[in-house]
Amino acid sequence: MNGIKAENLCKSFGGKTVLDRLSFFIEYGKLTLIVGQSGIGKTTLLRIISGLEKPDHGKITGLEGKKIAFLFQEDRLFPWLSAIENICVVSNDKNKKKTASILLSELSLDGEADKFPNELSGGMSRRVGIARTLMYGGDIIILDEPFRGLDSENEKKALHVIMDHCKDKTVIAVTHDAGSFENYSHSILKIS
Amino acid sequence: MYNGQKNTKIKLLPKPAVIALTASVTAALWVGIWAIAAFAIGIELILPSPLSVLKKLFEIIKEKDFFITVLFSLLRVLGGFLIGAFFGLLGAFLSYFLLPVKIFFAPLIKVVRATPVASFILIAVLWIPSTFVPVFISFLMVFPIVYGNVLTGLENTDILLIEASKMYRFSVRKKTMFLYLPSVLPYFASACITALGLAWKSSVAAEVLSVTKKSIGEKLFLSNLYLESAELLAWTVVVILLSIGMESLIKIIAIQIKKITRRRYERDKS
């Protein structure tokens, strides 16, 4: 069985241990939810998987040569780019503008394409962030609290769009509410 | 609730009109003080009256080489300014990405900032032809300001966006175009406003000390040499007017740049 394998991952920040000998296996092409209390190290784990952080000890395999898309906990939109430019900027595809427009439409952001981040509500920014992550694509899609700031209707819609675009991809999501994903087959990785 | 007082409306002048009026009155006041001082002294050589300076100003404007003189002085300062701005920008980017470059530039920037401009002019006169001394001095004044401001802008680039650009594997071109340049644009604009005024004044000073041919500085030098105080002040008025004009122009450009980028910069910090 192919997948991402972590063995005895340890990570500390300023003497505070965040991850302590964490081992897990995430199967390729499946949806895995990472759950756990606040401050337990879920985001740190995502950052290690994405390569933004290095573990102090332990090793993680199965990421070699994989393209990873990351929806950060913060939207991290470029403030000087419009919503559609923020989405297009991560792609080198010739039809990126058309794809971005479709994504915006799917996420009910048709009229917001030319707005700048400071003109968007929190929920809108989040959906632009989701669109950007999907636009970038990749083999592994990492989502850190993907539905933060979304109302239930937009949450359902966003979930549907994400799962629709990530068929057969490895999706790893940190969420405080695993129930949102109940209609999709998933594994749960609980950090305690 | 009606309080028994008559509802009176005070008509206020529009803000630009108030500013213009205040400026005119203040200018008139200072010219008046100047006129009184000139009258009290009574020697044109020491302090010419505003009227004689004005007359001289019209005379020099009518001279056939006036516009050439002004144009050459402007070209020199603009040349130095553009070279300084370009290398300041380039130097800041190199220093941001390569620590040795930053270390290399650090003493140079400190020395340039601490050294009196007159020293540089006098040294430059020995090194380079007098035509290029004002260009070199403008460059020298502009470079550290643009370098310092742009470097600060780069160092203040949002770390979260840097990380996002890394995650999305931005190329160097993409990082420059979509991350770093927009981040430093307000810093660069501010630097240009400050630097241009300084470059202009230093450039004229350089023209005076190096007696650059076909320059405002040369005219100032010769007026001083021939004790033509009215002409000296008339050329000074030209320098002031051009300085105000250039500063206004660059401010308009900077405001337009900021207008375009403002809404893009005011991030929703909530």
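Visitor: How many residues of chain B are in contact with residues of chain A, and with how many?

Guide: In this predicted model, 20 residues of chain B are in contact with 26 of chain A, where contact means heavy atoms within 4.5 Å. Being a predicted model, it has limits: local features need pLDDT of at least 70, side-chain atom pairs count only at pLDDT 80 or more, and totals for chains, interfaces and linings use all residues. Residues are numbered from 1 along each chain as its sequence is written, chains are lettered from A and ligands numbered from 1 in the order in which they are written, and side-chain values use heavy atoms, with hydrogens and water left out.

Visitor: What makes up the side of chain B that touches chain A, by class, and which helices each supply at least two of its residues?

Guide: Polar contacts first: nine residue pairs across the interface qualify, both residues at pLDDT 80 or more. The term means a pair of N or O atoms within 3.5 Å; within protein, one must be able to donate a hydrogen and the other to accept it, and residues adjacent in sequence count only if both atoms are side-chain atoms. The helices are α7 (159–167), α8 (172–210) and α10 (229–265) of chain B, and α7(B) gives the largest share, six residues. Helices here are DSSP runs of H or I, at least four residues, numbered from the N terminus. By class, that side has ten nonpolar, one polar and nine charged residues; Ala, Val, Leu, Ile, Met, Phe, Trp, Tyr, Cys and Pro count as nonpolar, Asp, Glu, Lys and Arg as charged, and the others, Gly among them, as polar.

Visitor: Why is the pairing of A:Arg47 and B:Glu163 called a salt bridge?

Guide: The rule asks for a side-chain nitrogen of Lys or Arg within 4 Å of a carboxyl oxygen of Asp or Glu. For A:Arg47 and B:Glu163 the N to O distance is 2.5 Å, so the pair qualifies. A:Arg47 lies in helix α1 of chain A and B:Glu163 in helix α7 of chain B, so the pair joins two chains. B:Glu163 also meets A:Arg76 in a salt bridge, at 2.6 Å.

Visitor: Why do A:Arg47 and B:Glu163 count as buried?

Guide: Buried means under 20% relative accessible area, exposed over 50%, and partly exposed in between (1.4 Å probe, protein chains only). A:Arg47 has 14% relative accessibility, so it is buried. B:Glu163, at 16%, is therefore buried too.

Visitor: Why is B:Leu154 called buried?

Guide: Its relative accessibility is 0%, so it counts as buried. B:Leu154 sits in helix α6 (residues 133–155) of chain B. Not counting residues up to four places away in sequence, B:Leu154 touches B:Ala92, B:Phe93, B:Tyr96, B:Tyr180 and B:Val184.
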